[in-house]
Amino acid sequence: MNVFIRAIFILLFFSCSQIASAQKNLLQQEVNIAPGTYTTQELARELSKQGITLSYATASLLSAPVSLTAKSHTAEELLPKIFVLARYSYILRKDKILIIPRNESSITISGFLEDAASQERLIGANVFLPTLGQGTFTNQYGFYSLTVNDPNDSLLIQTSYIGYQDKQMWLSGHQDHKLDMALPTSQMQLEEVVIADKDIRMTRSKMSQVNLTVKEIKQLPAFFGEADVLKTIQMLPGVQSASEGNINYIVRGGGPDQNLILLDGVPVYNASHLFGFFSVFNTDAVKNVEFIKGGFPAQYGGRLSSVLEIDMKEGNMEEFHGAGSIGLLASKLTLEGPIVKNKASFMISGRRTYFDLLYRPFLEPNNDVGYFFDDLNLKLNYKFSRKDRLYLSFYTGRDKLFEESTEDYSTGTINRTTRQKNHLTYGNRTAALRWNHLYSDKLFSNLTATYTRYNLLIGQEYESLDRYEATEYFSRIEDYGLIYKADYSFRPNHQVKFGGSYTHHTFKPGAVQYNQVDDRSNVDSTLRFSPTTLSHDAFLFVEDTWTINTRWMLNAGLHYSAYLVNGTFYNSLQPRATASYLLSNDWSLKASYAYMQQYVHLLTNSGAGLPTDLWVSSTDKIAPQKAHQVALGTAKALWGGKFEFSTEVYYKYLSDLITFKEGTIFTSSANWENQVATNGRGNAYGIEFLLRKSKGPTRGWVAYSFAKTTRQFDEINEGEVYPYKYDRRHDLKVVVTHDFNARFNMSLSFMINSGIRATIPTGTFADINGNQ
Amino acid sequence: MEKGVPDRFGYFPSFPHLATALPFNIMKKNIYALLILFITMVSCQKELKVEYPENDSKLTLNSVLSEGRTVSATLSSTLPYTNTGKSPFYKDGFITLYENGQLIDTLLPTDYTYRAQSEDTIWYYTSGHIVKAESSYRMLASRPGFDKVSATTRIPKKALVKNIRHTILNSFEEVLEIEIEDPESQHSFFMIEMASVDPLRDSTIATLISEDPTVELYSYFGLLKMPLDPERGEIAFFTDEYFISGKKKVILRARLDYSSGNVNQIIVYSSSEDYYEYTRSFAINSAFAENPFAEPIRVKTNVENGFGIVGGLSLQIINL
């Protein structure tokens, strides 16, 4: 038995050896072909004629003709000249050579992009593989990951980011790469440097999205010397200021409450200082600004019209830095540096106005009147390893208007003093604790715990010898939340993002605390005009950016949101999609659709525009606001990529809007739910043009938009459609900055637009008693 | 330009050392900088004349039809907003009255009153016809030079005042609890006023205070309501929307005038919807037209092709 098995093994061994030998012989078999130029198909036929049978698809043939100088060749020598062996391989079967597609192996190139000097992560930087026509942008934490089909060859990687030097390097194929890159800042580029193959990246820019660096924002003309993020946003097409000089902005016919403003991922409910003249964002503490007005990625939700994502600086990991400024309005001081070099860093920035301090010496001794605002930004970050990083960011800011007076008087022999204090205080506080974790080169995750609060207090206090009385009106919205987001580059040409969020809202739309102490009574009570509302807000999302081929790209996603308030449950599935098609290397077409739902509402007075606006929740009576938006656009690089021209046309339909009823008095103590008109509908459409130059010593843009927006409520204007307050028909903006040298820069901004709508009386009439 | 080359202004001096120190591109940039500086430093002001929109003048027809009373109406016309004068009241108009679709009378200008702070008069078109509850009335009015106007209203049934409790708290304040029953057959709109009536002088309308969020109070005098203030005003407005089992107890605080000879009254109106909306919007408009915290409001009208109101009321006057 043993001998028998051994015999079989020996037989098999010889058989296999024979087959292998035969196959080897097939590849080594010589063929004779006269020197000359042949098409690959002719060569394949010639091989077959000479006894080497080939089985192949014509797609596997190389297109370039082959020149042979020698007469004698082996099959093994000829096959690479005939077939695309980068995508096909050959195997021997019996007496044939089969040409078959290679296994779809892929490689992943991933890493972080950082500022070379400070190690600050770079957000929205472009990472591009020109040989494959594929690319991506770094995410909010500077991470990128590209999974591509293995090119079986070296491939070029390029990076670009405004304000930084471009970088490019060759990488070998067949293997994954962990490639962290540190980009040096670009020095003055007085002469334009044009790299032709960047045109593709330019036109691949995202639809209805703009990235602004702090450098760009700081170079624009500033009111009272305070560069302002929101005023820069207002210079973009499709974005309008709510009123002249005001930082509240309106996007594509939406309302001022339909803009999601995120500071390090945390919503900011009132972004204004000085009654709307300045924003709360201190540009010394800001790293990056991304603005989205349409084609919303599925990761965003909760607002109908725009998303403004602002990221604070992380702090320099290498060395200590400080910057301070004394402006006409405010002074600022920013400090940053390593706590543990290359491991942990901090950034702290403060700002305060001081005109209350300047004029205080000129006031009467018994009176004190003043106004100031201040801000504090703080960020700490700790790098546990390349895979884990922890961030803590904190912001607090307030505006305070105050008045205090003391009066001395005497009644008979008794001297009395009365003291009266009034104040209006409002402000935001936000905090985020974030953990970045890299599970693998393909999977990046971010878990953030968030807190945000907006407070409004109006108080008055009276104190005399025998009586103390204090009244305080307060309104508040406060959120606690948890957000998980992940980027997964799981297969070639696909970049998937998924995640979820939970937020607990507390709305206190208006309450009064009253305290009175005198010789007869001691009253301490709280009156609520509108009940406190607690709600639970959650969403899940998934989106995929699919590079279909070198021309087509699609971003499609789903956003599912759920909202529970006072036993009423709302939910919605919101599809989002953006597609782009490259007509040529420098010209693209884009289209987008987004459905959005918003569960919080801002009740704002149409006249005063004071910070006394109230944030309120959807309730069983008040449905969430909804919007569908479609947009079509095109972008083209002009004059060798020096300029980019883009135009977008959009249509937005809004429903379930709310607004104050006619004649409602904002300061009324009635429950807000009884004061609003519901079931409002809105239409907005328009066309926007943008011509932008981002590089070179002279930069800037020209933006024009034509827009129309209307509203319709059953209870307003007798149910007739009327122009929305912010229906500005024409809007032209010009921004130019020019660097003369490294120290001298000038900028110009110009804006002209149609006025906002107002309801004015056109006639008077008398009542039955003759009262006019 | 070369040294000594004449142009039409004479010889142009040449500074070769400057030409090398200031190459042309730098000069161009300086000129560019100066130009930008000039643009930024120079501002201009232009006064634009804006034409205020003016609409054609229209007839204003006003009439309040009260159950159990005779009919009266006035006819005037609108004025442009920029005209600060008083609307003229017309004597030469033509008003007809229909009851439940039947022509019942032509109103004639039979009475007038002198208009306050003005030398002109208000003419009243009257009819001796007695207004009936639950009847529908239509008024048509015309005057040469104006388009015809018309309005229709329905007279509601009286509110059923079940109980009144009047408590004097102190010399500054008293509390009234009024229980009202809603007539089931109609969607009801109520208004309450309190007045101290002096037979020899004008009535004094009391200021009412309420903490009931379903009762709206408005004052024609435009009291600026701060968040700390409870609702206050001269007329209490409420509808049967918040009635429970067809009943509602309205609690009002007020201060009445108990001077000698005064009669203190509570007037409870059951109103047609159009008159309720007109009165409410008129009161808000009068009070808050100049208030920056108030949303604009258009005074409601049910007059087709014109302005004013033809409203229906059933009222009860209760002496305290």
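1. A residue is taken as buried if 20 or more other C-beta atoms lie within 10 Å of its own, with C-beta atoms placed from the backbone. By that criterion, buried residues make up 32% of the 320 residues in chain B, while in chain A, with its 772 residues, 39% count as buried. Both figures, like everything below, are computed from a predicted model.

2. On overall make-up, the secondary structure of chain A comes to 7 helices and 48 strands, and chain B has 3 helices and 21 strands. Among the contacts in chain A between residues at least 6 apart in sequence, 63% join residues at least 24 apart. For chain B, residues 24 or more positions apart account for 64% of the contacts with a separation of 6 or more.

3. The domain assignment of chain A gives domain 1 (2-101), domain 2 (106-187) and domain 3 (272-753). In this chain, the C-alpha centres of domain 1 and domain 3 lie 67 Å apart.

4. Chain B is divided into domain 1 (59-154) and domain 2, the latter made of two segments (160-300 + 313-319). Taken over C-alpha atoms, the centres of domain 1 of chain B and domain 2 of chain B are separated by 26 Å. Each of them gives 6 residues to the contact between the two domains of chain B. On the side of domain 1 of chain B that touches domain 2 of chain B, the elements giving two or more residues are β3 (59-66) and β10 (149-154) of chain B. By class, that side of domain 1 of chain B has 2 nonpolar, 2 polar and 2 charged residues.

5. Turning to helix packing, helix α2 (residues 40-49) of chain A packs against helix α3 (residues 75-82) of chain A at an angle of about 155 degrees, and their axes are 10 Å apart. The angle therefore makes α2(A) roughly antiparallel to α3(A), since an angle over 145 degrees is counted in that class. The crossing of the helices α2(A) and α3(A) is left-handed. From α2(A), the residues T40(A), L43(A), A44(A) and L47(A) meet A75(A), L78(A) and I82(A) of α3(A), and by class this contact of α2(A) with α3(A) has 6 nonpolar, 1 polar and no charged residues.

6. L79(B) deserves a look of its own. It lies in strand β5 (residues 79-80) of chain B, and L79(B) counts as buried because it has 20 C-beta neighbours inside 10 Å, the cut-off being 20 or more. Leaving aside its neighbours within four places in sequence, L79(B) is in contact with G763(A) and T764(A) of chain A, and with G85(B) and S87(B) of chain B. From C-alpha to C-alpha, L79(B) and K58(B) are 8.4 Å apart in space, although 21 residues apart in sequence.

7. Two backbone angles may be checked by eye. Most residues other than glycine have a negative phi. N342(A), however, has a positive phi, near 60 degrees, and is a residue other than glycine; N342(A) is found in the loop between β26 (330-340) and β27 (344-353) of chain A. With 10 C-beta neighbours inside 10 Å, N342(A) counts as exposed. In chain B, S245(B) is not a glycine, yet has a positive phi of about 50 degrees, and S245(B) is found in the loop between β18 (235-239) and β19 (247-254) of chain B. S245(B) has 7 C-beta neighbours inside 10 Å and therefore counts as exposed.

Technical notes. Residues are numbered from 1 along each chain as its sequence is written. Chains are lettered from A and ligands numbered from 1 in the order in which they are written. This is a predicted model: local features need pLDDT of at least 70, side-chain atom pairs count only at pLDDT 80 or more; totals for chains, interfaces and linings use all residues. Axes are lines fitted to C-alpha atoms, for helices over the stretch in contact, and angles run from 0 to 180 degrees between N-to-C directions. Helices (H or I, at least four residues) and strands (E, at least two) are DSSP runs, numbered from the N terminus. Angles under 35 degrees count as roughly parallel, over 145 as roughly antiparallel, 65 to 115 as roughly perpendicular and the rest as oblique. A crossing is left-handed if the near helix is turned anticlockwise from the far one by less than a right angle, and right-handed if clockwise. Two residues are in contact if their C-beta atoms, placed from the backbone, lie within 7 Å. Ala, Val, Leu, Ile, Met, Phe, Trp, Tyr, Cys and Pro count as nonpolar, Asp, Glu, Lys and Arg as charged, and the others, Gly among them, as polar. A residue is buried if 20 or more other C-beta atoms lie within 10 Å of its own, exposed if 12 or fewer, and partly exposed in between; C-beta atoms are placed from the backbone. Domain bounds come from an automatic or database domain assignment.
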